[in-house]
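Visitor: I have a model open here and would like to go through it with you. Can we take it piece by piece?

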Number of protein chains: 2
Amino acid sequence: MPRELIDLLWRDHPTAPRGGTRGPRSRVTTGAVVEAASALADAEGLAAVTVRRLGETLGISTMSVYTHVNSRDDLLVLMADAARAAMPLPDRTGGWRTRVRRVAEANLALLVEHPWLLEIDDDRTAFGPGTIAKYDHELRALDGLALDDVARDAALTFVLDFVHGAARARRAAPHAEEMPELWARWSAPLARYLGDAYPVAQRVGAAAGEAMNAPSSPAHAWEFGLARVLDALEAAAGGA
Amino acid sequence: MPRELIDLLWRDHPTAPRGGTRGPRSRVTTGAVVEAASALADAEGLAAVTVRRLGETLGISTMSVYTHVNSRDDLLVLMADAARAAMPLPDRTGGWRTRVRRVAEANLALLVEHPWLLEIDDDRTAFGPGTIAKYDHELRALDGLALDDVARDAALTFVLDFVHGAARARRAAPHAEEMPELWARWSAPLARYLGDAYPVAQRVGAAAGEAMNAPSSPAHAWEFGLARVLDALEAAAGGA
DNA sequence: GCTAACTCTGTACAGCGTACAACATAAGAT
DNA sequence: ATCTTATGTTGTACGCTGTACAGAGTTAGC
């Protein structure tokens, strides 16, 4: 399997190198490896995606995984692109505000469904068909705004960064289940250390913390922030 | 060294447990370990911060590191809090727009100086004195905006998420030095795969890519985005 | 049937975080 | 001055990681 990552990314394209026909039939395809890895990441987090685990779940040996994928890093790129390729692209009816809102919502849904995407930070994903198709589609959501190409790209980045931050806040933090116990053990010493210093932080932090536990809060913060983002875009384009 | 992380975070506080006086003198303090780790991360990235490397640079054995820090995860929390404690807090003169701009700029500077902060995602940092002091100070930058406590916290998060995204884009990507070679090897097959599909993505991507190489571009995108963020805050508060 | 191309596999290595037990050292108790 | 006890330091060892490499098994084309 000396196929390059770019050819693996485009493995479904008609002109992509298929690999010779000699030798034993593969018991598994690159796509199947990527799917299994993504399922594993969905279920147990990205750290559970080890080459050994992957071989096990696929019913092949550890090293056979490398027949279909060049390295774990490459696999992560393939996973990220596959997730974006499988993402339902929001429809294009309505005004730009509606369309951009749908883009934001679709991206939030994607990141909530696959939180491990937040941990994959590899520029090479930009070469994948899923990522490119997504980029193209989302750029078009900005049609109608008076933005040149560079500004259009910056505007999309602006929206997606906002979504990224919201998704990061929303997902269960890595050690979330231990937090109650941690709080029980630490709140007393923390109060002792703090005394009456930082009154603003203490008051606002308490309010924000309580609000966080209210079920409606993340949705409210999302609506609030998204409205701000849309307003900002409108202002940037000098009113659509 | 059975001191808990919270006590290590507050180790400079007068009432923090100092640890008994018996036994050999420590050859090294927790603070020194954190400093060495941060220097290592600045120079070679967070992945270079291994317990073995740390022991080496400190002139103690690998396992002695654990005398001063409970685990590598705890060390990352201490590093993050120390970086925030050492951050120069922007002064508080001027209107809220000026102050918030300074907050954003200070945070960008922090993340550019210590890009590894982007990789540390641990809720326990919120218990550290540096993080709390920073939070308090930054909340006060929003004084004068008509926001209740929950909204004030959300507004700060909004600003900091924007900075976070900008910093992520600005830092040298993990495999940045290999990108030119990668591009040379991949641009031809990519062009073949793409054909004339996704014209918008191709045009905008090319423009944005070229702009990225223009030295003025990141600064321009930053100014643009920051202005949008400030406008959004003003709108959120119903005009300051 | 032979050869070349291909998949699959087991072994092995260097690196990681860290549990644990043994030892060294210094202060407090006697 | 001696003993006790708390602490710092260290080496060894374990299980885990990604993956290089060599060899064995399998199939298509000559």
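Predicted model: local features only at pLDDT ≥ 70, side-chain atom pairs only at ≥ 80, totals over all residues.

Visitor: Fine. What rotation superposes chain B on chain A?

Guide: A rotation of 180 degrees, with 0.0 Å of shift along its axis, and the RMSD is 0.0 Å. The two copies are thus related as by a two-fold rotation axis.

Visitor: Which C-alpha of chain B is nearest the axis?

Guide: That of B:Ala232, which is 2.9 Å from the axis.

Visitor: And through what surface do the copies meet?

Guide: They meet through the same surface, because 100% of the interface residues of chain B are also interface residues in chain A.

Visitor: Which helix gives the most to the surface near DNA strand C?

Guide: That is α3(B), with three residues. In chain B, α3 (51–58) and α5 (72–86) each supply at least two residues of this surface.

Visitor: New topic: A:Glu138. Which helix is it in?

Guide: A:Glu138 is in α7 of chain A, which covers residues 129–140.

Visitor: Buried or exposed?

Guide: A:Glu138 is buried, because 23 other C-beta atoms lie within 10 Å and the cut-off for buried is 20 or more.

Visitor: What is A:Glu138 in contact with, leaving aside neighbours within four places in sequence?

Guide: A:Val103 and A:Leu156. A:Leu156 is 18 residues from A:Glu138 along the chain, and their C-alpha atoms are separated by 7.4 Å.

Visitor: Now backbone angles. What is the phi of A:Tyr198?

Guide: It is positive, about 50 degrees, although A:Tyr198 is not a glycine.

Visitor: Where does A:Tyr198 sit?

Guide: In chain A, the loop between α9 (179–194) and α10 (199–213) holds A:Tyr198. A:Tyr198 counts as buried, because it has 20 C-beta neighbours inside 10 Å.

Visitor: And what about the phi of B:Tyr198?

Guide: B:Tyr198 also has a positive phi of about 50 degrees and is not a glycine. B:Tyr198 lies in the loop between α9 and α10 of chain B, and with 20 C-beta neighbours inside 10 Å it counts as buried.

How values were computed:
Residues numbered from 1 in each chain as written. Chains lettered and ligands numbered in written order. Least-squares fit on C-alpha atoms with pLDDT ≥ 70 in both. Contact = placed C-beta atoms within 7 Å. Helix = DSSP H or I, 4+ residues; strand = E, 2+ residues; numbered from the N terminus. Buried ≥ 20, exposed ≤ 12 C-beta atoms within 10 Å, placed from the backbone.
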